[in-house]
Amino acid sequence: MQENRSFDAYFGTYPGADGIPGLAGNPGKVPCVPDPDAHRCQRPYHDSTVTNAGGPHLNEDAVADIDHGRMDGFIKSVEQSKSFDTDKAACLLKGMQPRCVDVMGYHDQRDIPHYWTYAKNFVLQDHMFEPVISWSLPSHTYMVSAWMANCSKPTVPSTCHQTSLNFPDADGAVGQANGEAGAGGSLLLPKDPDDAQSSKQQPDFGWTDITYLLHRHHISWRYYIDQGTEPDCADGQITCKQQIQLVSTPEIWNPLRDFVTVHQDHQVGNIVDGNQLYADIHAGRLPAVSWVIPSGDDSEHPPGTITSGQDHVTRVIDAIMRSPDWNSTAIFLAWDDWGGFYDHVVPPKVDGAGYGLRVPALVISPYARRGYIDHHTYSFDAYLKFIEDDFLGGQRLNPRNDGRPDPRPDVRENAKILGDLRNDFNFNQKPRPPLLLPTLPPSALGPAPGPQGFPPLMKALADFGP
């Protein structure tokens with residue numbers, strides 16, 4: 001799971017995909033999105049820079065970007081963001097748009113050649129939507145549980161109820177941000193003592209997650225998370241003070257550590273340093289189900305470079321392809337939310353919380369269909385459905401029969417609109433050989449700041465202290 005790119009930002013000109021109207025043979029007129037500060041509109045353009053800015057991406061920003069289906073609020077959201085300073089506004093007025101607001105920029109094969117190579121040789125999904133109309137933390141909680149809630153008594157699932165689409169913590173979303181906000185005009189900032197390193201407080205997330213079912217069915221799992229800096233800002237803005245990402249600290253990209261079930265089942269040890277992935281691959285110890293999560297420097301979350309992110313993904317895939325486990329592996333690659341970047345497809349509406357905006361998604365496997373563009377509608381709920389069908393006999397995160405009732409409004413994996421990932425495979429074919437792609441030496445990547453201009457990892461850890 002990488003960070004913060006829309007489908008159009010990466011594959012908007014991919015041949016045969018549902019890309020940007022008027023470009024790459026797609027029908028329609030090239031859209032032009034209003035730019036209030038510059039008093040004109042901006043069309044999509046090829047952005048060859050590897051470091052981008054993106055835009056704010058809380059729930060209110062997604063609503064503003066979608067703008068009742070007009071899909072024209074992307075630039076306005078940036079210019080109304082508290083992170084968009086007067087220097088950038090002055091730059092806009094001088095007619096230097098791409099250097100100031102880059103949410104209309106897109107990349108292609110020249111910039112992300114490995115991703116396009118994977119698409120050409122495996123499966124590209126052009127209707128994958130983030131599961132919730134919000135930012136990274138909700139996307140990651142939905143990725144592992146198909147829900148997000150606020151629990152007054154986290155050890156009692158019946159006390160969990162969906163409230164905010166931004167922050168799920170029982171003690172979390174409090175306080176007004178001095179009138180500063182994203183496009184929606186209001187912003188609740190998280191204040192969550194249990195997220196501090198070595199906190200003695202109990203975890204907040206009391207609803208049921210997929211690891212509860214995996215544990216009951218004796219299915220192995222691990223959550224590999226790179227240590228370093230968090231790729232995002234907790235208030236959904238573009239810039240903020242750096243935060244350290246550690247295996248032992250819950251939330252945002254490490255939500256399983258904040259789930260009650262993970263603690264009750266004594267599964268916290270399954271959340272490990274991302275470097276452990278390579279050791280497990282080499283030793284033939286990959287679990288049945290794995291999540292692989294980056295840190296700020298290799299996440300592609302602006303302004304982290306797309307070069308570092310693509311190299312990180314390639315290293316993971318190459319390592320798996322070189323191992324004996326390749327012949328029994330399905331790799332799902334996606335980006336957790338749209339990051340403020342333009343996309344032209346109006347998201348479908350599901351249960352009031354989703355879907356969110358469209359994100360890139362690929363399926364890589366020796367059984368994946370070659371060069372197939374899958375137009376079915378998906379969200380991250382499809383990953384849970386695939387896990388449940390493959391390992392759990394079709395058992396769902398369903399409060400009526402999963403043994404741990406919570407008040408979730410629906411069983412997301414059973415949504416009629418949700419596609420079946422098995423469409424992307426031919427399990428009768430002979431396993432395809434690996435497609436190894438080159439990786440870069442560290443010197444070629446250069447210094448890789450985190451998403452808020454973070455210093456390199458070692459300095460960040462030194463600043464954090466022992």
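Predicted model: local features only at pLDDT ≥ 70, side-chain atom pairs only at ≥ 80, totals over all residues.
**Exercise 1. In what order do the three strands of the open sheet lie, and is the pairing parallel or antiparallel?**

Residues are numbered from 1 along each chain as its sequence is written, and side-chain values use heavy atoms, with hydrogens and water left out.

*Step 1.* Find the strands, which are DSSP runs of E with at least two residues, just as helices are runs of H or I with at least four, numbered from the N terminus. Two strands pair if DSSP finds at least two bridges between them.

*Step 2.* Count bridges from β10 (residues 221–225). Five of them link β10 to β14 in the parallel sense, with Trp221 partnered by Val289 of β14.

*Step 3.* Read off the order: β13-β10-β14, with parallel pairing. From one strand to the next, the twist averages 25°.

*Step 4.* Look at the surroundings. Helix α7 (residues 136–145) lies across β10 and β14 and runs at about 170° to β14. Four of the five residues of β10 are buried, so the strand is largely enclosed by the rest of the structure. Buried means under 20% relative accessible area, exposed means over 50%, and partly exposed is in between (1.4 Å probe, protein chains only).

**Exercise 2. Describe how helices α6 and α11 pack.**

*Step 1.* Two packed helices are described by the angle between their axes and the distance between the axes. Axes are lines fitted to C-alpha atoms, for helices over the stretch in contact, and angles between N-to-C directions run from 0 to 180 degrees.

*Step 2.* For α6 (residues 113–121) and α11 (residues 306–321), the axes come within 9 Å and cross at roughly 45°. That makes α6 oblique to α11; the classes are roughly parallel under 35 degrees, roughly antiparallel over 145, roughly perpendicular from 65 to 115, and oblique for the rest.

*Step 3.* List the contacts (heavy atoms within 4.5 Å). From α6 come Pro113, His114, Tyr115 and Tyr118, which meet Gly309, Gln310, Val313, Thr314, Ile317 and Asp318 of α11. The residues of this contact divide into five nonpolar, four polar and one charged.

**Exercise 3. How many disulfides are there?**

*Step 1.* Apply the rule: a disulfide is a pair of cysteine sulfur atoms within 2.5 Å. The count comes to two.

*Step 2.* Take Cys32 and Cys41, whose sulfur atoms are 1.9 Å apart. The torsion about their S-S bond is about 90°, so this disulfide is right-handed. Cys32 is partly exposed at 26% relative accessible area, and Cys41 is partly exposed at 35%.

*Step 3.* Turn to Cys151 and Cys160, with sulfur atoms 2.1 Å apart. With 110° about the S-S bond, their link is right-handed. Cys151 is buried at 0% relative accessibility, and Cys160 is buried with a relative accessible area of 0%.

**Exercise 4. Which residues of helix α12 are buried?**

*Step 1.* Check the total: eight of the 11 residues of α12 (residues 381–391) are buried, so the helix is largely enclosed by the rest of the structure.

*Step 2.* Name them: Asp381, Ala382, Tyr383, Leu384, Lys385, Phe386, Ile387 and Glu388.

*Step 3.* Look just past the helix, where Gly393 takes a positive phi of about 65°.

Notes:
Nonpolar A, V, L, I, M, F, W, Y, C, P; charged D, E, K, R; others polar.
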